[in-house]
Amino acid sequence: MKGEMKAITIKQPWATLIAVGEKKFETRSWPVRYRGQIAIHAGKTADMSACNSKPIRRVLAKHGYGSPADLPTGAVIAVGELAACYQIQSFSEEKQDVILVHDDEFVHLSAERDALEICFGDYSEGRYAWEIRGLNKLILPAPCKGKLGLWSWTY
């Protein structure tokens with residue numbers, strides 16, 4: 001059976017952090033209106049500096065990824081639901097507090113409770129945080145070429 005869904009290409013290790021449920025928000029410089037099922041595509045390259053940072057190494061190791069070479073690339077690795085898009089209204093570097101706003105709704109991320117989430121994104125004011133819920137990591141990555149922006153993945 002063939003189907004199609006929206007997809008987003010994300011560089012490693014961020015794609016895997018989302019796929020294993022450790023990263024709930026994908027931060028971007030642009031908003032998205034789309035809501036619904038979304039495929040998480042791991043791009044062909046990895047941010048080696050991020051891969052080698054202690055917090056990321058620790059979280060990836062907890063999920064069985066011993067080195068950056070273990071991270072899948074050039075493939076869809078998970079499917080979830082793009083549930084909301086929040087604008088990052090304020091970020092206090094000193095306190096590590098973030099306020100995300102969408103219509104009348106807001107989310108408060110704090111260093112006490114959400115330190116890793118804050119560490120895993122760029123929460124600069126004016127950027128956007130895409131909330132991804134209900135993730136299902138694929139047993140086997142589905143190789144395919146990624147694209148910029150939201151794109152349609154045929155499976």
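Author: Start with Arg 28, which lies over the face of Trp 130, at 5.8 Å from the ring centre. The cut-off for a charge over a ring is NZ of Lys or CZ of Arg within 6 Å of the ring centre and within 35 degrees of the ring normal.
Reader: What kind of model is this, and how are residues numbered?
Author: It's a predicted model, where local features need pLDDT of at least 70, side-chain atom pairs count only at pLDDT 80 or more, and totals for chains, interfaces and linings use all residues. Residues are numbered from 1 along each chain as its sequence is written, and side-chain values use heavy atoms, with hydrogens and water left out.
Reader: Which residues are linked with Arg 28 in a network of salt bridges?
Author: Lys 23 and Glu 26. A salt bridge here is a side-chain nitrogen of Lys or Arg within 4 Å of a carboxyl oxygen of Asp or Glu. Lys 23 and Glu 26 meet at 3.7 Å, N to O.
Reader: Are Lys 23 and Glu 26 buried or exposed?
Author: Both are buried, meaning under 20% relative accessible area; exposed is over 50% and partly exposed is in between (1.4 Å probe, protein chains only).
Reader: OK, and how many salt bridges does the structure hold?
Author: 5. One of them joins Lys 62 and Glu 22, with the closest N and O atoms 2.8 Å apart. Lys 62 is exposed at 59% relative accessibility, while Glu 22 is buried at 19%.
Reader: What about Arg 133, which residue does it form a salt bridge with?
Author: Glu 131, with the closest N and O atoms 3.2 Å apart.
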